[in-house]
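Please keep the sequence and the model in view.

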Amino acid sequence: MSTPHVVVVMGVAGTGKTTIGPLLAARLGVPYAEGDDFHPPANIAKMSAGTPLDDDDRWPWLDAIGTWAHERAGLGGVVSCSALKRSYRDRLRAAAPDLVFVHLAGDRALIEDRMSHRQGHFMPTALLDSQFATLQPLQEDEAGVVVDVSGSPEEITGRAASALTVLPEPAQ
């Protein structure tokens with residue numbers, strides 16, 4: 001039996017990280033952690049006010065997610081985290097070297113439409129441009145897959161689970 005990956009479901013706001021993450025975790029039979037829950041209150045207040053976070057805001061948040069991922073190494077897990085910059089993913093991998101990424105990617109118009117219909121989320125659509133401007137797609141040397149976000153949550157989850165099967169198994 002293979003050891004499950006610890007997976008970071010990444011992408012800009014509105015791609016469905018909070019929807020796909022739990023579905024993928026259920027399919028893989030591992031725990032799910034909501035990345036937003038790792039934000040300190042000051043970060044949530046800043047984003048709620050429409051102010052993008054800077055790197056100094058993000059480091060403690062990324063470190064908390066990295067700690068969770070490290071604790072799940074060899075056990076598997078799924079966590080949502082925008083992980084928009086290579087440096088953020090590097091920071092996560094520094095804590096949990098065998099992390100793999102599922103980059104939820106899609107057309108800006110589709111993502112904005114989905115964001116405009118969300119209820120009770122602190123990230124306003126006004127920050128979507130800054131998210132796309134910040135996004136650095138996965139590079140060839142990064143363990144991960146890109147999954148299109150068109151279709152139903154079940155279809156997206158199926159594509160993600162299938163794509164993960166082609167990645168090498170994590171080190172034991």
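Q: In what order do the five strands of the open sheet stand, and is their pairing parallel or antiparallel?

A: Strands of a sheet pair through backbone hydrogen bonds, either parallel or antiparallel. Here the order is β2-β3-β1-β4-β5, and the pairing is parallel. Strands (E, at least two residues) and helices (H or I, at least four residues) are DSSP runs numbered from the N terminus, and two strands pair if DSSP finds at least two bridges between them. This is a predicted model, in which local features need pLDDT of at least 70 and side-chain atom pairs count only at pLDDT 80 or more, while totals for chains, interfaces and linings use all residues. Residues are numbered from 1 along each chain as its sequence is written, and side-chain values use heavy atoms, with hydrogens and water left out.

Q: Which residues stand opposite one another in the pairs that involve β3?

A: Strand β1 (residues 6-10) is joined to β3 (residues 77-80) by four bridges. V6 has G77 as its bridge partner, and V8 stands opposite V79. With β2, strand β3 pairs over two bridges, again in the parallel sense; Y32 is opposite V78.

Q: Which way do the residues of β3 point, and are they buried or exposed?

A: In a regular strand the side chains alternate between the two faces of the sheet. In β3, G77 and V79 point one way, V78 and S80 the other, and all are buried (under 20% relative accessible area; exposed is over 50%, partly exposed in between, with a 1.4 Å probe and protein chains only).

Q: Why does R159 count as partly exposed, and which backbone oxygens does its side chain reach?

A: R159, in helix α7, counts as partly exposed because its relative accessibility is 33%. A polar contact is a pair of N or O atoms within 3.5 Å; within protein, one must be able to donate a hydrogen and the other to accept it, and residues adjacent in sequence count only if both atoms are side-chain atoms. The R159 side chain reaches the backbone oxygen of D148 at 2.7 Å and that of S150 at 2.4 Å.
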